[in-house]
Amino acid sequence: MTVRLLLRDKGAAVSTARPDTKVQEIMDQFERDEVSAVVVTHSDGSILGIVSGGDILRALNRGGPSVLKSSVSDVMTTEVFKCDVSEPLSNVYEMMNTNQIRHVPIVEGSELCGIINTLDVVKYRLREIAYEAEA
């Protein structure tokens, strides 16, 4: 199965923010969009980083509550592991496991077109197991 097929079922919505967005706004965005990571993009749509709840917790632990007034660019992860929409889903599993990450932005060429998280992978595998059991 390719990443494209999983995104077709899941949907291609991606929560994004600009690098100057305040950390408090990102926390509000997590709740509003019901996500656990936001992809930080440049005005041209290119990926600059990704920020998760874990990134914010680590920043709060180091810098205290004043971090909430900082820009997300100060706390985001800049080494972003991404995957092309045409790649096999097994590449996403391997990337998540090897790099100990929970979110993988999906691109088509240079355009952000989705995001897959560990829960998406688990749901897919459970459906796959159920289909095999029925067969």
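Trainee: Is Arg58 buried, partly exposed or exposed?

Mentor: This is a predicted model, and in it Arg58 has a relative accessible area of 46%. Exposed would need over 50% and buried under 20%, so Arg58 counts as partly exposed.

Trainee: With which residue does Arg58 form a salt bridge, and at what N to O distance?

Mentor: The side chain of Arg58 meets that of Asp55 in a salt bridge, with 2.8 Å from N to O. Both residues belong to helix H3, which covers residues 53–63. They are three residues apart, about one turn of the helix. Asp55 is buried, at a relative accessible area of 8%, whereas Arg58 is partly exposed.

Trainee: How many salt bridges does the whole structure have?

Mentor: A search of the whole structure gives six. One of them joins Asp33 and Arg32, at 3.6 Å from N to O. Here Asp33 is partly exposed, with a relative accessible area of 33%, and Arg32 is exposed, with 57%.

Trainee: Which residue forms a salt bridge with Asp120?

Mentor: The partner of Asp120 is Lys10, and their closest N and O atoms are 3.3 Å apart. Asp120 counts as buried at 11% relative accessibility, while Lys10 counts as partly exposed at 34%.

Trainee: Now to the helices. Which residues of H1 are buried?

Mentor: They are Val3, Leu6 and Leu7. To read such a list, look at where the residues point around the helix axis. These cover an arc of only 100 degrees, which puts them on the same side of H1.

Trainee: What do the buried residues of H1 pack against?

Mentor: They pack against strand S4 (83–84), helix H4 (89–99), strand S5 (103–108), strand S6 (111–117) and H5. After H1 comes Gly11, which has a positive phi, near 105 degrees.

Trainee: Which residues are buried in helix H2?

Mentor: In H2, residues 23–33, the buried ones are Val23, Ile26, Gln29 and Phe30. Viewed down the axis of H2, they fall within an arc of 105 degrees, so they line one face of the helix. Glu31 and Arg32 are exposed on the other side of H2. The cover over the buried residues of H2 includes strand S1 (16–17), strand S2 (37–41), strand S3 (47–52) and H3.

Trainee: How should I read a sheet, and what is the strand order in the one with S1, S2 and S3?

Mentor: Strands of a sheet pair through backbone hydrogen bonds, and the pairing is either parallel or antiparallel. In this structure, three strands make an open sheet in the order S1-S2-S3, with mixed pairing. S1 and S3 are its edge strands, each pairing on one side only.

Trainee: How many bridges join S2 to S3?

Mentor: Five bridges join these two strands, which run antiparallel. For an example, look at Val38: its bridge partner in S3 is Val51.

Trainee: Which strands of the sheet does H2 touch?

Mentor: H2 packs on the sheet and touches S1, S2 and S3. The direction of H2 makes about 125 degrees with that of S2.

Conventions: Residues numbered from 1 in each chain as written. Predicted model: local features only at pLDDT ≥ 70, side-chain atom pairs only at ≥ 80, totals over all residues. Heavy atoms only, no water. Salt bridge = Lys/Arg side-chain N within 4 Å of Asp/Glu carboxyl O. Buried < 20%, exposed > 50% of the residue type's maximum accessible area, 1.4 Å probe, protein only. Helix = DSSP H or I, 4+ residues; strand = E, 2+ residues; numbered from the N terminus. Arc of directions from axis to C-beta. Contact = heavy atoms within 4.5 Å. Pairing = 2+ DSSP bridges. Axes fitted to C-alpha atoms, helices over the stretch in contact; angles between N-to-C directions.
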